[in-house]
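Dear colleague,

Please find the structure for your review below.

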Amino acid sequence: MSQIEIKDVSRTFGKRTVLKDISLEVEKAEIFGLLGPSGAGKTTLVKCIAGIDEATSGSVRIGGVTMPDLNLMKRIGYMTQSDALYEELTAEENLDFFASIYGLKGAAKKNRIHETMKLVNLQGDLKKRVAEYSGGMKRRLSLAISLLHEPEVLILDEPTVGIDPVLRQSIWEELERLSRNGTTIVVTTHVMDEAEKCGRLGMVREGLLIAVGTPDELKERIGASNLEEVFIHYGGVKQV
């Protein structure tokens, strides 16, 4: 059984259809990337996987459990595209709040807070109010929060926007380590070198899943030399 099973998922908002009959399976410990132009439906799809949103029709199952499921959601890490942080609190207070929600206590909680903040290179800014953080720092804090409870499934929506290349590399090294240790990761990205690091990619356009394969398979399928050409081909983006 696949870790994530998406079957015939559609999502409508009023008369607007954002997802159209998407079916997809993601294996345990896989890093699966969703690639597509802005407005393609990637964020809506990952929200349905995370249980934040519910499909209008079709089903999403994680480990055989139909989403949304409150107990299962505690075992999922989810990083939104827009940072969901309490700006009047310090970074440490934000981390402490979310760690408590995830059931972390005592020394284990304290250790995870320091480990995740070290990973995103914010350990020197723990006591700073989030309102004083730059946009890139807020992204890094959001990522730290999603990793706090060492989730079985990690869902990241454009996680490295506004993050410098050196730190992006260390974050991807951590994602690869998590994958090797059994975490299933779904990530949306516009960054081609990040897409290359994914085991498989799903190309999304206008709410449709139009191609799935490894980066090499997708390039081979259309005779492309790089993923940028694949993105342009499947995304329907015209070169100027």
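The notes below cover pockets, salt bridges, backbone geometry and one surface patch.

Please bear in mind throughout that this is a predicted model.

The largest pocket has a volume of about 400 Å³. It is lined by 16 residues, and those closest to its centre are Ile52, Ile76, Tyr78, Phe98 and Tyr102. At least two lining residues come from each of α2 (70-73), β6 (76-79), α3 and α5 (135-147), and β6 provides the largest share, with 3 residues. By class, this lining consists of 13 nonpolar, 2 polar and 1 charged residues.

The second largest pocket has a volume of about 280 Å³. Its lining comprises 20 residues, with Gly39, Ala40, Gly41, Lys42 and Thr43 nearest the centre. Two or more lining residues are given by β2 (16-26) and by α1 (42-50). The classes here are 3 nonpolar, 10 polar and 7 charged residues.

Salt bridges

The count comes to 15 salt bridges. In one of them, the side chains of Arg139 and Asp83 meet at 2.9 Å, N to O. Arg139 belongs to helix α5 and Asp83 to the loop between β6 and α3, so this pair ties together parts that are 56 residues apart in sequence. Arg139 is buried, at 5% relative accessible area, whereas Asp83 is partly exposed, at 28%.

Lys138 and Glu87 also form a salt bridge, at 2.8 Å from N to O. This pair likewise links distant parts of the chain, with Lys138 in helix α5 and Glu87 in the loop between β6 and α3, 51 residues apart. Lys138 has a relative accessibility of 15% and therefore counts as buried, while Glu87 is partly exposed, at 33%.

A further salt bridge joins Lys219 to Asp216, whose closest N and O atoms are 3.5 Å apart. Both residues lie in helix α8 (residues 215-222), 3 residues apart, or about one turn of the helix. Lys219 is buried, with a relative accessible area of 12%, but Asp216 is exposed, with 51%.

Backbone geometry

Most residues other than glycine have a negative phi, and most peptide bonds are trans.

The peptide bond from Met67 to Pro68 is cis, with omega near 0 degrees. Pro68 is located in the loop between β5 (65-66) and α2.

Asp8 is not a glycine, yet has a positive phi of about 50 degrees. Asp8 belongs to strand β1 (residues 4-13) and is partly exposed, with a relative accessible area of 40%. Asp21, in strand β2, also has a positive phi, near 50 degrees. With a relative accessibility of 56%, Asp21 counts as exposed.

Tyr86, Phe97 and Ile101 form a nonpolar patch on the surface, and together they have about 270 Å² of accessible area. Phe97 sits in helix α3 (residues 91-101).

Finally, Leu147 is found in helix α5 and is buried, with a relative accessible area of 5%. The C-alpha atoms of Leu147 and Val161 are separated by 17 Å, the two residues being 14 residues apart along the chain.

With kind regards

Key. Residues numbered from 1 in each chain as written. Predicted model: local features only at pLDDT ≥ 70, side-chain atom pairs only at ≥ 80, totals over all residues. Heavy atoms only, no water. Patch = residues over 30% accessible without salt bridge, like charges linked within 9 Å, V, L, I, M, F, W, Y side chains within 5 Å. Areas by Shrake-Rupley, 256 points an atom, 1.4 Å probe, with all protein chains shown as cover. Salt bridge = Lys/Arg side-chain N within 4 Å of Asp/Glu carboxyl O. Helix = DSSP H or I, 4+ residues; strand = E, 2+ residues; numbered from the N terminus. 1 Å grid on protein atoms, 1.4 Å probe; cavity = no way out; pocket = protein on both sides within 12 Å on 5 of 7 lines; lining within 4 Å. Points joined across faces, edges and corners; volume = space filled by probe spheres on them. Nonpolar A, V, L, I, M, F, W, Y, C, P; charged D, E, K, R; others polar. Buried < 20%, exposed > 50% of the residue type's maximum accessible area, 1.4 Å probe, protein only.
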